[in-house]
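The following note sets out numbered points on the model shown below. Please read each point with the structure open.

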Amino acid sequence: MKNFAVCSLLVLLLGSPVLSATENDTLTVDLAEAIALAMGESYSAIVLDMSLSQAKHEVAAARGRFGTQANLQVTLPELEEGVQRVQVPGDLPRYDSYGSREVRTTLQVSQPLPTDGVISLSGHVYQQNDTYYDQVLDKTQEQQTFFNSYDISLSQPLFVPNQLKLGLENAEINHRLA
């Protein structure tokens, strides 16, 4: 319907000369000039052009949802401090402090699947520094621990419509209709 309106406007512009300020002076235009005049001054043509541009962007966004995604989560530092009561035989109780500092990082790379599922590779790194009192050595000790782990996961919805493909198909249909 919108294309019909633009074609009708072009036929009117091409079929009749454009009048200037006086009726005796006429201006004839060729096809390229008529299209430029219609596209530049017609509100309908401008709206149609914007609608087509929007539809193109929606298709690009729907295709982009099939792209690889990376997420990084960092916890810097997580601190814990405490005091521990130590009973010494024949003496007053002693209070020793202890604590820990943790740093955690997770990097996850995900690839959406055409079946609306997601396959992910995750890497986790964890560092912990502990401070504690060693009764045998009778002094404060520090211990540093590192952990890392990797995992691969697959998430696949079952018995539901494929929202990823439906979104792309709807965007392509809207682009064709615009």
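1. Nonpolar surface patch. Strand β3 is the largest contributor to the nonpolar patch, giving three residues. Helices (H or I, at least four residues) and strands (E, at least two) are DSSP runs numbered from the N terminus. The patch covers about 880 Å² and is made by Leu72, Val74, Leu76, Leu107, Val109, Ile119, Leu121, Ile152 and Leu154. Two or more residues each come from β3 (69–86), β4 (94–112), β5 (118–134) and β6 (139–155). A patch is built from residues with over 30% relative accessible area and no salt bridge; nonpolar side chains (Val, Leu, Ile, Met, Phe, Trp, Tyr) are joined within 5 Å, and like charges within 9 Å. Areas come from the Shrake-Rupley method with a 1.4 Å probe, and for residues only the protein chains shown count as cover.

2. Basis of the model. This is a predicted model, in which local features need pLDDT of at least 70 and side-chain atom pairs count only at pLDDT 80 or more, while totals for chains, interfaces and linings use all residues. Residues are numbered from 1 along each chain as its sequence is written, and side-chain values use heavy atoms, with hydrogens and water left out.

3. Confidence. The pLDDT, the predictor's confidence in each residue from 0 to 100, averages 80 over the protein, and 87% of the residues score at least 70. The pLDDT is below 50 over residues 16–21, a stretch with seven contacts in the model beyond near neighbours in sequence. A contact means heavy atoms within 4.5 Å.

4. Overall composition. The protein contains four helices and six strands, and their order along the sequence is α-β-β-α-α-β-β-β-β-α. Of its 178 residues, 19% count as buried; buried means under 20% relative accessible area, exposed means over 50%, and partly exposed lies in between (1.4 Å probe, protein chains only). The accessible surface comes to about 13400 Å², and 58% of this belongs to carbon and sulfur atoms. Of the contacts with a separation of 6 or more, 57% are between residues 24 or more positions apart.

5. Leu107, one of the patch residues, lies in strand β4 and counts as partly exposed because its relative accessibility is 43%. Ser100 also belongs to strand β4, but counts as buried because its relative accessibility is 12%. Beyond neighbours within four places in sequence, Ser100 is in contact with Glu78, Leu79, Glu80, Gln128, Asn129 and Asp130.

6. Strands β5 and β6 run antiparallel and are joined by 17 bridges; two strands pair if DSSP finds at least two bridges between them. Asp130, one of the contacts of Ser100, has Gln143 in β6 as its bridge partner. Four residues separate the two strands of the hairpin, and Asp138 in the turn has a positive phi of about 60 degrees.

7. Salt bridges. Side chains of opposite charge can pair when their charged atoms come close. How many salt bridges does a search of the whole structure find? The search finds three, a salt bridge being a side-chain nitrogen of Lys or Arg within 4 Å of a carboxyl oxygen of Asp or Glu. Arg63 pairs with Glu172, with the closest N and O atoms 3.1 Å apart. This pair links distant parts of the chain, helix α3 (residues 43–64) and helix α4 (residues 163–177), across 109 residues. Glu172 is partly exposed, with a relative accessible area of 24%.

8. A network of charges. Glu78, Glu102 and Arg104 are linked in a network of salt bridges. Glu102 counts as buried because its relative accessibility is 13%, whereas Arg104 at 32% and Glu78 at 36% are partly exposed.

9. Backbone angles to inspect. Most residues other than glycine have a negative phi. Asp116, in the loop between β4 and β5, has a positive phi near 75 degrees. Phe159, in the loop between β6 and α4, has a positive phi of about 60 degrees. Phe159 counts as exposed because its relative accessibility is 87%.
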